[in-house]
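Dear colleague,

Please find below the structure that I am handing over to you, with its sequence. My notes on it come directly after.

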Amino acid sequence: MSTQLAPAVELNGLSKRFGAQNSSRVVNAVNGIDLTVQAGEIVAFLGPNGAGKTTALDMLLGLSEPTGGTVRVLGQTPSSAVAAGRLAAVLQTGGLLHDMRVGETVRAVAAMHRVTSRVQEVMERADLTGIARRSVGKCSGGEQQRIKFALALLPDPDVLVLDEPTAGMDVGARRRFWDAMRMDADQGRTVIFATHYLEEAEQFARRTVLVAHGKVVADAPTEQLRASLGGRTLSCSLPEQGREAAMELLGATSGIADVSLDGHRVTLRAADSDAVARLLLNELGATDLEIVAATLEAAFTNLTED
Amino acid sequence: MSTHTNAAAAAAPGQPTPAQPTPGQRGLGFSATFFWIEAARMARNGYTLAFTIVMPVVMYVIFGATPEYGSMDAGNGNVSFSVMVSMAAYGVATSMTSLTSLAATEAQQGWGRQLALTPAGLRGYAAVKVAVALFYSAISVVAVFLTGALTGAAMDTAGGWLATAGIILGIGLIYGLFGLGVGLIFPSDAASGLASMTLTLFAFFGNVFMPLSGVMLDIAHYTPLYGYVALARWPLSEGYLSDGSQDPLWALILNVVAWTAVFVGLVFLGLRRSRARH
């Protein structure tokens with residue numbers, strides 16, 4: 001049975017070109033994306049604004065037609081997956097009518113899915129029961145995001161696509177949201193989310209796909225992507241006496257990079273952080289040592305710059 | 001990693017699954033729940049009620065019920081009835097136009113994307129919105145006709161009342177196309193206001209609000225509301241105008257058919273524009 005499973009999502013050479021061919025105004029928003037996502041994965045689509053994330057997700061959802069390549073969701077076209085209630089999304093832009101009430105919005109979309117029986121459950125899950133009678137326009141950004149989340153949960157989809165899902169949520173709400181998503185993924189729901197918060201990809205995605213200029217520039221388990229950057233960042237305070245000599249020594253040691261001094265604190269990057277920590281503490285009299293794994297931010301900057 | 005396959009199999013039994021036809025996938029995807037939610041939302045929006053119900057009723061009272069000429073004979077009824085028909089038709093044209101242009105605008109915003117991700121899709125939304133527009137149109141006709149019946153509008157036969165209401169609602173549907181076209185071409189909240197204002201202008205120059213004569217009347221024959229309202233008055237006046245001349249039935253039908261074609265053209269233009277934006 002397991003061998004016959006179609007991947008949750010399969011993109012092959014996916015492209016989207018805006019503007020007429022041969023015209024000077026042609027924009028290749030998405031430029032040949034290949035991607036296979038298996039059931040139960042949480043994948044971050046990470047990239048700066050304008051990288052083509054939303055355009056790619058629109059095609060994945062069948063909201064716009066690719067100008068090249070193919071999209072399969074659970075082995076079907078996106079529109080059949082949507083029609084079968086197996087593919088749903090939290091969309092980024094707008095998406096809600098301000099003069100509709102929260103409860104009405106959920107009931108209306110539930111009616112379009114023919115799942116009005118699930119309204120209560122979904123309202124509770126998205127923590128909307130208390131504001132059911134409030135009009136959408138009076139809800140905060142985070143509350144509106146929760147409404148959209150509720151709408152996406154209505155069909156109980158196998159594949160859930162989230163475009164900047166936690167925009168406007170406070171830290172607590174964001175954490176609760178992702179805890180819920182993790183539980184769903186463990187039960188087999190596939191979650192693909194676009195974000196430009198590196199932190200969010202780091203904390204919540206088991207796999208990160210880095211997108212820049214409409215292309216995939218990196219695709220790896222998030223941990224590995226971070227590790228492959230090489231090393232960790234160390235920072236510590238150095239005693240004033242001998243600080244200059246110490247800086248010189250650090251700068252000359254191989255395996256240490258990006259040494260910088262800010263006041264009495266030195267920051268550097270090292271491949272073998274244990275060895276460098278020993279050096280700093282034992283030989284150079286360092287105090288208040290901090291060691292941090294390289295952030296995706298660095299990977300991001302390295303990989304998305306031209 | 002090995003847990004994925006098991007979990008997925010549990011969540012999606014019988015993989016690979018062909019597209020399962022769901023109830024919403026076939027037919028119009030009309031939803032009664034959504035219809036009532038939309039109807040309530042429009043009722044909360046004072047603009048809708050003011051333009052589709054209050055305004056036609058008030059205009060009828062001012063121009064049709066109170067003046068002394070109201071009780072004068074006009075064909076198979078009286079002048080009050082004639083004014084009542086004009087105002088009801090204007091009310092229907094306005095509600096069809098403003099509600100469908102609003103729907104087109106909403107469908108092109110994020111809400112439309114949200115609904116496109118449901119099995120019923122935008123088709124289901126369109127079905128609901130047209131039904132809501134018709135619902136308000138019917139309320140508008142009932143409100144104006146009821147006011148008319150209570151204030152002296154007279155028609156020789158009960159069948160005449162029914163036939164007139166039927167013509168008003170039936171032909172009024174084409175203003176759904178007009179509103180849709182305008183909403184697709186100008187996807188902003190202003191579109192609905194623009195469409196309604198255009199309609200009021202058409203009403204002035206289309207022999208709807210007051211009887212025109214001379215050159216104004218000659219021009220009026222070619223404006224969109226003229227054919228519609230003249231046909232709605234047909235059971236009453238059979239094409240006779242206040243100056244004694246008579247419009248042939250075919251000319252009125254031609255007016256409606258020609259303007260329907262124009263509105264269909266607007267819709268296609270709007271669809272093309274809207275697709276180009278995506």
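The notes below begin with conventions and then turn to chain A, the cores and the helices of chain B.

This is a predicted model, in which local features need pLDDT of at least 70 and side-chain atom pairs count only at pLDDT 80 or more, while totals for chains, interfaces and linings use all residues. Residues are numbered from 1 along each chain as its sequence is written, and chains are lettered from A and ligands numbered from 1 in the order in which they are written.

Chain A contains 11 helices and 13 strands; these are DSSP runs numbered from the N terminus, with at least four residues (H or I) for a helix and at least two (E) for a strand. Its C-alpha atoms occupy a box of roughly 75 × 55 × 45 Å along the principal axes. Among contacts in chain A with a separation of 6 or more, 70% join residues 24 or more positions apart; a contact means that the C-beta atoms, placed from the backbone, lie within 7 Å.

Chain A is divided into domain 1 (2-227) and domain 2 (232-304), with bounds from an automatic or database domain assignment. The centres of these two domains, taken over C-alpha atoms, are 39 Å apart.

Helix H1(A), residues 53-60, is mostly covered, with eight of its eight residues buried; Lys53(A) and Asp58(A) are among them. After H1(A) comes Gly62(A), which has a positive phi near 80°.

His213(A) sits in the loop between strands S8 (207-212) and S9 (215-221) of chain A. Is His213(A) buried or partly exposed? His213(A) is partly exposed, because 16 other C-beta atoms lie within 10 Å. Beyond its neighbours within four places in sequence, His213(A) contacts Asn31(A) and Ala51(A). Gly52(A) is 161 residues from His213(A) in sequence, yet their C-alpha atoms are 6.7 Å apart.

The largest nonpolar core has 151 residues, and those touching the most other members are Val106(A), Ala150(A), Met84(B), Ala88(B) and Ala89(B). Such a core is a set of buried Ala, Val, Leu, Ile, Met, Phe, Trp, Tyr and Cys residues joined through C-beta atoms within 7 Å. Helix H4(B), residues 79-108, supplies the largest share of this core, 17 residues. Apart from this core lies another, of 12 residues, including Leu234(A) and Leu280(A). Leaving aside neighbours within four places in sequence, Met84(B) contacts Tyr60(B), Gly64(B), Val144(B), Phe145(B), Gly148(B) and Ala153(B).

Helix H3(B), residues 46-65, packs against H4(B) at about 165°, with the axes 9 Å apart; axes are lines fitted to C-alpha atoms over the stretch in contact, and angles run from 0 to 180 degrees between N-to-C directions.

With kind regards

Terms used: Two residues are in contact if their C-beta atoms, placed from the backbone, lie within 7 Å. A residue is buried if 20 or more other C-beta atoms lie within 10 Å of its own, exposed if 12 or fewer, and partly exposed in between; C-beta atoms are placed from the backbone.
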